[in-house]
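Colleague: Please take me through this model one topic at a time, with the criteria behind each term.

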Amino acid sequence: MEVRQARHFLAIVDHGTTGRAAAVLHMTQPALSQSIVSLERELRVPLFTRSSRGMQLTPSGEALVRPARRLIESSIRAVAAVEESKDVPRGTLNISVMPALAAIPVSMWTARFRERYPQVSVHLDPYFGEDPIVKHFGKSPVEVLVSFSDESVSGNLRRLEIDSQEMVFVLPPGTVVTDEPAVNIKEIAHCPFVVAPPHTSMRRILDQEFAHIGAELKIAVESPFMDTLPTLVAAGAGCAVVPAQGAERFRELGAIVKHPDPPINRPFYMYYSIHRLSYAAQAFIKMAKADRRQ
């Protein structure tokens, strides 16, 4: 099996259909299908069953997934070694990122990275935390993932704490509160809150803060749509805890912004697989580490 065939095979495994896989690979669907047929003939076994629901792995296909990934990873390491010797990374860098971190810091890192390495195309995908980190790396071509998730990893995966995001309270206009720039959560614990869904990092922050003071979190609205928070808070639906970097939008709509006392910070992490690092990914991680030291 050649590296090219392994890429074609794994693209279908990761994306479920030849159509979606062909789009990701920037090739036609008939060409991809023919590549898989040729691989099946070479191995003398069927790798997929075809149906209206897409491509399902056969037992032989299941057995091929891990060796195919190892072949791709070995190819990536070989190319990375050559590129590192010239300090000229090429190709595409695949990064998964939680939406709240996409603007700051990931977009800033990406702009600086592209300025130094314009020959690398950076592809950003949203990561909402619906899958555990290990599973996400197992089913996607991601090289670097930036997330608030603080999962423990082992084996080929590494976790690097990069920084933390300052959080603030935003309160509906007219909320009776101290004139001081900071407020203790006990002072607003009686208020209803607009919250993110359970198991998200923003929800965990509130759950932990309310548990710490022994109070009940009163939920007015639960929404996965962070873009709706300014409108909901400004309209009086409830208070919220949000990243400080986005507080200006709330002020523009008349909401009250207060810094928590004591401060609330949300740490974020970078995850990567040591067996799946192109030289572009290595350079990107190095840049993020340099930010951490500043």
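Modeller: Helices are DSSP runs of H or I with at least four residues, strands are runs of E with at least two, and both are numbered from the N terminus. The model is predicted, so local features need pLDDT of at least 70 and side-chain atom pairs pLDDT 80 or more, whereas totals for chains, interfaces and linings use all residues. Residues are numbered from 1 along each chain as its sequence is written, and side-chain values use heavy atoms, leaving out hydrogens and water.

Colleague: Which helix gives the most to the lining of the largest cavity?

Modeller: A cavity is a set of points on a 1 Å grid over the protein atoms alone where a 1.4 Å probe fits but cannot get out, and its lining residues have an atom within 4 Å of a point. Val194, Val195, Ala196, Met202, Arg203, Leu206, Met226, Leu229, Ala240 and Val241 line the largest cavity. At least two lining residues come from each of β8 (193-195), α7 (201-213) and β10 (240-243). With three residues, the largest contribution to this lining is that of α7.

Colleague: How much space lies in the largest cavity?

Modeller: A volume is the space filled by probe spheres set on the grid points, which are joined across faces, edges and corners. The structure has one cavity of 30 Å³ or more. The space in the largest cavity is about 60 Å³.

Colleague: How many residues in the lining of the largest cavity are charged?

Modeller: Ala, Val, Leu, Ile, Met, Phe, Trp, Tyr, Cys and Pro count as nonpolar, Asp, Glu, Lys and Arg as charged, and the others, Gly among them, as polar. The lining has nine nonpolar residues and no polar ones, and its charged residues number one.

Colleague: How far is the sulfur of Cys191 from the nearest cysteine sulfur?

Modeller: A search of the whole structure for disulfides, which are pairs of cysteine sulfur atoms within 2.5 Å, finds zero. Cys191 is buried at a relative accessible area of 9%, and Cys239 is buried at 1%, where buried means under 20% relative accessible area, exposed over 50% and partly exposed in between, for a 1.4 Å probe and protein chains only. Cys191 is in no disulfide, and the separation of its sulfur from the nearest cysteine sulfur, that of Cys239, is 4.1 Å.

Colleague: What angle lies between the planes of Phe113 and Phe284?

Modeller: Rings of Phe, Tyr and Trp (its six-membered ring) pair if their centres lie within 6.5 Å, with planes under 30 degrees apart stacked, over 60 edge-to-face and the rest tilted. Seven aromatic pairs are found in the whole structure. In the pair of Phe113 and Phe284, which is edge-to-face, the centres are 5.7 Å apart and the angle between the planes is 70°.

Colleague: How many residues apart in sequence are the parts that the pair of Phe113 and Phe284 ties together?

Modeller: Phe113 is buried, with 1% relative accessibility, and Phe284 is buried too, with 0%. Both belong to one aromatic cluster that also includes Trp109 and Tyr117. Because Phe113 lies in α5 (residues 99-116) and Phe284 in α10 (residues 279-293), the separation in sequence of the parts tied together is 171 residues.

Notes. On a 1 Å grid over the protein atoms alone, a cavity is a set of points where a 1.4 Å probe fits but cannot get out, and a pocket is an open set with protein on both sides within 12 Å along at least five of seven lines; lining residues have an atom within 4 Å of a point.
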